[in-house]
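Please consult the sequence and the structure while reading the points below.

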Amino acid sequence: MIKTIHLTPMAAALGLALLSMNAQAQQEESATKPGTLETVVVTANKRVEKLESVPMAISVMSEQEIQRTNIREIEDVVAMMPSLTLNSGTTAANNAIFMRGIGTVSVGIGVESDVAVIIDDIPIATQFQAFKDLADVSRIEVLKGPQSTLFGKSAVAGAVNIVTKPISGPMVYRASTYLTNDNEWRVNASAGGQLDEHFAMRLYAGKTRMPGNFHNLTDGKDVNGSGGKTFMAKLQWNPIDSVQVDLTPRYNYQENSRGVTAVNGFFLRTGSAAAGTLVSTPIGLDGVYLNGNPQLPASQLMAGINVNDPGNRNVRRDFPTGLISSDRGVGLKVAWTLPNDATLMSITSWSKYLANDFRDQDFTDLPTIAAAGSTVPTIGNYQFGTYDIRSKTQEIRYVSPDAGSFKYVAGLWLAHNEIYRHFIRGYCVAPMTCNANSPSSPTNYYTDIYNTNKAIFGQASWEFLPTWTLTAGVRFNQEISGYHYKRNFYTDQLDEASFKPGPVGVDQFQSYGNSDPATTGKLSLQKQLTPDWMVYTQVSTGYKGEAYDVTSGLKAAAAFPVKPETSQSFEIGTKANLFNNRMSVAATYYNSDFFGYQQNVTYVLPNDPTIYSQLNSIPHIRTHGFEIDANALVANNLTVNAALAFTLPTIEKWANGPCYSDPTNVAVNGTKLAANGSIAGQNTACFPITPGSTTGVQNLDHSVFPGTPKIKANIGANYDFSIPAMPFKGFVNANVRYQSDYLTNINNDPNARNKAYSITDLGFGIRAPNDSYKLSFRVNNLFDRFYIPNANASGPSSFRAGPTATSPQVTANSWVPPRDVFRYFSVKLDVKF
């Protein structure tokens, strides 16, 4: 049943929108020639250039596409960009963006991302800070392949460059409201323009709310949603014609309850996977117990839940799962146009990000842990923590004039980041004596990471012959980093004043003052075959600094820095404008190798719902493939865009990879080993790391690197048309996206596979000829195609088909549905005056 929608947050904006529909609109000028495609510019080389002139693989999402497809968060961008994929973590703080199949999965603060996110020339300190509302965005540039030369060490696989709307022309006021049939709403307003010859400004305020597509039977509320409020400003001052000063304060508050998983498969496995006789039989809740504990029957823990419904959206939780965050900061950019038309810039930023994260570890609303001295469960199994991220950056940049055959950019970079983390999981109180292997896997730790980064960089392009251009760039980088860590296992010590860490070398570690110099570069050769068609080839390198495994399982053997991650990439491509700029095409083939790839591998153990993590340095990962982007003005009012990514990431070398669970691989002869010598309960390729060890590894050389479909494609179209005798025009647009199936776990578990799917969206509406108003309707997932994009999401893994710990293990599949897994409808009203 759809609940009553509370429109209070929308009322003011709707009133403003309706009152302003008859106001005189300010018609913005367009530099695009009628009957041709829109001119697209990018800043991938830290100067404004036409997209077709840049010898690099770049995909761009324009403001029109952002508005047309109702893009709100970075997750929406990933869905529309074939070169990007998303790895969803237990909360938004563990999410990761993958570029061309490569990204960083980490549950700790000691590992940087492989894909940098930059907003208005300022990189964010940690990637998960990007998982919030995208506000007032003009365009999004996806820069593929290593970008370390111009964008620094955290762009070893690529960068997402977000550009907010500029200030131009006279004052223009805008408002927008958005509403869906499943209770999502958005409202925002902005004002921007020139106040006089010296001052200009742009103000933006917005609020959003998506309750969620899961229903918590415990309290009757929806979960697995998100929402927040954002305020941004651009204050521009031109004291003289050659100097421009921009001050950009911002604030965002976000509540994200994503990460709640629902059981959608409950079954017993019999037979042998190795022998090909594996059979999975669905079972009900009767006779099933958590951890085989007769006091914890599944019929009570999951009362009212159909555990064999693939689309089950009901859960039971007595503790929140998600992330509540605030992000505030300010940027200051001073640009001085020199007499020779070169530009000297100073870009300064400061930001502070605070967050509280939560997770219900027992996936139910009943107590699952017995207090000290008792055998009756009276306590829930929870985890929670805080993040405190502080960042300062300073860049000095010199950009040569755009004229001439030789152009260059050079700069100095300085940044300092500090990340503080407190984390508590499970239950342990005095006089209990606990360790990491105790029931509920209790832990309580404080850790902090810091890094100071200094760099000098430059890049130049030289048209050394007519139609031939050589581009070369280099960056010299120096990073100093370190960490402090202290831990105990008493979960009632909630603040640092009462916290008493364990012994040094066992529960206290530190490593600081670690120096990490690096040099990265790029080189490209470009040939302009005709004025509208060019080809290029490029080589580039990337470098990501040392990492630290500062998670709950930190041990002395892992207390030292993990070696840096490096990349080498080659690509060859072509770009063309055809048919008098009515069609543009870009095609690229690439091959990229990553050495010392840093990734946290997560896993669970039998009869233990805790998610464990260990940082690995994988010797060699490779990704290669090709990409095509095309845009066409098929008719004067009909545009079509298409994008395709064919991606093949592989693990080239990793002899000691993790295993996966296989309860059908049973022990023989009273040992802990299966018939072929592998470890019982693990896959048949999992052998003891040393003779007699119960820790298993498997050789993953030349195996699949997970997380990315081989084929991902997106096709969209937009048609504008006149309506006779009406004061407005009509429009209709459609979008189809497809992705093939793919593995989701680095251990190459064949059961951890997402199926292929395609989704179609349809939009239509009316707008004023001068765009003073636009009313849009949209149907997402038009054909109501059901799909599960994250099979085998983390969920309960400790059920037994009987009241003992040795009863047969029950496999429980879980999922986290995306926004459009079920069809929904929306209406949006935009006004401008």
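Does R778 count as buried or exposed?

1. R778 counts as buried because its relative accessibility is 4%, where buried means under 20% relative accessible area, exposed over 50% and partly exposed in between (1.4 Å probe, protein chains only). The model is predicted: local features need pLDDT of at least 70, side-chain atom pairs count only at pLDDT 80 or more, and totals for chains, interfaces and linings use all residues. Residues are numbered from 1 along each chain as its sequence is written, and side-chain values use heavy atoms, with hydrogens and water left out.

2. The side chain of R778 meets that of D761 in a salt bridge, at 3.9 Å from N to O; the term denotes a side-chain nitrogen of Lys or Arg within 4 Å of a carboxyl oxygen of Asp or Glu. This pair links distant parts of the chain, with R778 in strand β45 (residues 773-780) and D761 in strand β44 (residues 757-767), 17 residues apart. Strands (E, at least two residues) and helices (H or I, at least four) are DSSP runs numbered from the N terminus. D761 is likewise buried, at 4% relative accessibility.

3. The structure holds 40 salt bridges. One of them joins D327 and R250 (3.9 Å, N to O). D327 belongs to strand β21 (residues 322-337) and R250 to strand β16 (residues 243-256), 77 residues apart. D327 is buried at 3% relative accessible area, whereas R250 is partly exposed at 29%.

4. E496 and K486 also form a salt bridge, with their closest N and O atoms 2.9 Å apart. E496 lies in the loop between β28 (468-488) and β29 (508-530) and K486 in strand β28, so the pair ties together parts 10 residues apart in sequence. Both partners are partly exposed: E496 at 45% and K486 at 24%.

5. Two disulfides are found in a search of the whole structure, the term meaning a pair of cysteine sulfur atoms within 2.5 Å. In one, C428 is joined to C434, S to S 2.1 Å, and the link is right-handed, with 95 degrees about the S-S bond. C428 is buried at 0% relative accessibility, and C434 is buried at 13%.

6. The other disulfide is formed by C659 and C686, with sulfur atoms 2.1 Å apart. C659 sits in the loop between β34 (638-653) and β35 (661-662), and C686 in the loop between β36 (681-682) and β37 (687-688), 27 residues apart. This link is right-handed as well, with 85 degrees about the S-S bond, and both cysteines, C659 and C686, are buried.
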